[in-house]
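Please open the structure in a viewer and keep the selection tool at hand.

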2 protein chains.
Amino acid sequence: MNAEIIAVGSELLLGQIANTNAQFLSKQLANIGVNVFYHTVVGDNSGRLKQAIEVAESRANMIIFTGGLGPTKDDLTKETIASHLGRGLIHDEDALKSIEQFFVTTKRVMTENNRKQALVLEGSQVLPNDHGMAPGMVLEVKERTYMLLPGPPKEMQPMYTAYGETAILNLLQPQDKIVSRVLRFFGIGESLLETEIEDLIDEQQNPTIAPLAADGEVTLRLTAKEKTEELANQLIEATEKKILSRVGQYFYGYDSTSLMQELFNELQKRELTLACAESLTGGLFQQEITSISGAGDVFKGGVVCYATEIKNRVLHVKQETLDTEGAVSSATAIELAENVRELLQADIGISFTGVAGPTEQEGKPVGMVFVGLAIAGRPTEVVQLQLAGTRAGIRVRTVKHGCALLLNSLKDSQNTI
Amino acid sequence: MNAEIIAVGSELLLGQIANTNAQFLSKQLANIGVNVFYHTVVGDNSGRLKQAIEVAESRANMIIFTGGLGPTKDDLTKETIASHLGRGLIHDEDALKSIEQFFVTTKRVMTENNRKQALVLEGSQVLPNDHGMAPGMVLEVKERTYMLLPGPPKEMQPMYTAYGETAILNLLQPQDKIVSRVLRFFGIGESLLETEIEDLIDEQQNPTIAPLAADGEVTLRLTAKEKTEELANQLIEATEKKILSRVGQYFYGYDSTSLMQELFNELQKRELTLACAESLTGGLFQQEITSISGAGDVFKGGVVCYATEIKNRVLHVKQETLDTEGAVSSATAIELAENVRELLQADIGISFTGVAGPTEQEGKPVGMVFVGLAIAGRPTEVVQLQLAGTRAGIRVRTVKHGCALLLNSLKDSQNTI
């Protein structure tokens, strides 16, 4: 089964939004062993959409469309497919009821253009929309499958998960299983990592090894194909072992995990609580940890001490330290970490101070960063970094360094906390 | 000039990353009047890339490639194009020097595979890479333009901005100017907005009006085509006036601005300082305002009072309030806003408390949110919201409501602060 994903929407071609729908669907399809060889994006234009369909038909036996199912004049995906395949559009009674119900639930007035959304391709299986109005569809014509999904990710994703995937699994023939595993590394560059394992990359055919660098991290994707999932997993595990014997000290987790997620897991396992003082990162660390559901188990809170005066007034960094060493200094990072831990009565205090840019501060260069770490019963640690890149990039990587520092510190001291 | 953007990379087809490069380039190309009719994504596979090039050649006279220029075995964009066009690859001396210099600057050891990156298509104009190693290229063959850009956004974006755009502008013939303007709305749904201006959407051909909903906001993109930029702007302004006479109360800004940016501008103009107390949003509001360069002019800092005890210990919300009304309550939001303002000695205190989910809290439902607003010399305001959606969505929209509330509050009181 080879799939192509066609996203319909002029907003994509104008760069108003990124095609995150193709990303989501690709990940899901890879999980069930469906190859995706192409993504296409086309505007709200019937002629060009028709051309894109013809190209896709020449190279895929499953075409998944996202977008263009809404109520407005420029939503024309199902109309174009209907005309291309010579199919009619009929009102689906369930979809119409569901649309009416949606307006009742959200206490809004139903406008006439919403009725158009209940039109579906004749002969198609309707996929209910539990988070919006436009229903999805699956249609088989001449041994080719056409799936139509709505554009808004918050409607498309749950629809695919609840109904779309099952529809595809029912079509799949038994075949080789594809298993993928992503190994995540922090603290090593892509070129160096690849050089360390170059011979493995060259000689490996099954699994394949694909490196990728993003946001200061490097990942290796191992993909194996075998008769059963178990056999494929065995191949992956053997290769993983070889890789980690060489660069294991930079490895931190699998697949879609993150440094923050791993840190959260480790804190939860050890029943430790955390407090945070942020200057240059302005709340980014705390925002990330609290985006994890259940954060309250380990995270108590913290202080965003953005203005220098707040470091003294709220977090009691000595005025002398700020005057002599500066707000961006090892001494300030230490006091921030220790004092936020004490103020919030947490087991661990972590602090971030530095220069995010675009201009220098206190005569210190952009990218100079100090991370402080105060753990109950241990001497306070501080790490100095010199990061390159934009303001946003420096902030993101500062938070990652903080996660890695605390994570390694916890793992190194198996029994002391 | 009709362009197609081809992104090369199996990581895109596996859903590891979204195609943000196509988004960036589309936005830039629209700004200079180049139509983008298709995006294509293809994997690290020479045969399928060749097929994608042939399809693109049938429908575009400019093809822009991103990705596949790196040092590794699966980087094969320029090799495939060279073979397809019958061109040689030659070492570019400047690029080679620049790659060697990159390793000197970053104090890393140059590995042999990096030398491959200095190979360029014979006869092409080389685009220097100031943020990485792989150079870009522009090549004209049979009245068709091929542009090759690296995959990492932090290399691709500055290369396009500094060198790529100029190369394209030099190719463009004088022609009609296309001008786009985006109007941004908050507090009104897409269907209702469209119904309010349906007659305008139907009758307008120039400019066209395209609505789009995302993250709780609705935008209208007006696009006009005229002999000069000035004439196109006049058309847009006349239509904008009609639209705002109907739904102007929900309008907050133009193009790529955000509610937070508008709030920042307003605070800066009035020379007001802000402090923030965050519970359910966990630092998101503060992270967003500090992501704006110059945030220090208006933002002093704040407290992430995630655990209930921190609301009392650090922000002195009365224990009685927490016991009788709860942490998620109008009374707590008021005390948080007033106390964070006082603790940080700011002109304004804003607070967020509520239930982000996935489970209810204190018997209060997911999505119940209180935003408190304490402005010097005025009675403290509090707004209760009931939001739907995921944990992440509730947090994002809570912050937007906070921005809109404070922004409107400031604008309503022209002379009182």
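**First stop: a salt bridge in chain B**

Select Lys116(B) and Glu79(B): these two residues form a salt bridge, with 3.9 Å between the closest N and O atoms. A salt bridge is defined here as a side-chain nitrogen of Lys or Arg within 4 Å of a carboxyl oxygen of Asp or Glu. The pair links distant parts of the chain, since Lys116(B) lies in the loop between helix H5 (93–105) and strand E5 (119–121) of chain B, while Glu79(B) belongs to helix H4 (residues 77–85), 37 residues apart. Helices (H or I, at least four residues) and strands (E, at least two) are DSSP runs, numbered from the N terminus. Lys116(B) is partly exposed at 22% relative accessibility, and Glu79(B) is partly exposed at 25%. In these terms, buried means under 20% relative accessible area, exposed over 50%, and partly exposed in between (1.4 Å probe, protein chains only).

The model is predicted: local features need pLDDT of at least 70 and side-chain atom pairs count only at pLDDT 80 or more, whereas totals for chains, interfaces and linings use all residues. Residues are numbered from 1 along each chain as its sequence is written, chains are lettered from A and ligands numbered from 1 in the order in which they are written, and side-chain values use heavy atoms, with hydrogens and water left out.

**Second stop: between the chains**

Next, select Lys300(A) and Glu309(B), whose side chains meet in a salt bridge (3.1 Å, N to O). This pair crosses between chains, from strand E14 (residues 299–304) of chain A, which holds Lys300(A), to helix H12 (residues 308–313) of chain B, which holds Glu309(B). Is Lys300(A) buried or exposed? Lys300(A) counts as buried, at 12% relative accessibility, whereas Glu309(B) is partly exposed, at 33%.

Move to Lys364(A) and Glu362(A), where another salt bridge is found (3.1 Å, N to O). Lys364(A) is buried, with a relative accessible area of 17%, while Glu362(A) is partly exposed, with 41%. Over all chains, a search of the whole structure finds 31 salt bridges.

Select Thr273(B), in the loop between helix H10 (259–270) and strand E13 (274–278) of chain B. Thr273(B) is buried, with a relative accessible area of 17%. Which residues does Thr273(B) touch, not counting those up to four places away in sequence? They are Asp297(B), Val298(B), Lys300(B), Gln345(B), Ala346(B), Asp347(B) and Ile348(B); a contact means heavy atoms within 4.5 Å.

**Last stop: chain A as a whole**

Of the 417 residues of chain A, 55% count as buried. Among contacts in chain A between residues at least 6 apart in sequence, 66% join residues at least 24 apart.

Within chain A, select residues 4–170, which UniProt lists as "domain: MoaB/Mog" in an unreviewed entry. Over residues 4–170, the chain is 41% helix and 23% strand, and the end C-alpha atoms are 18 Å apart.

Key
UniProt positions renumbered as here; feature names shortened; annotations may be inferred.
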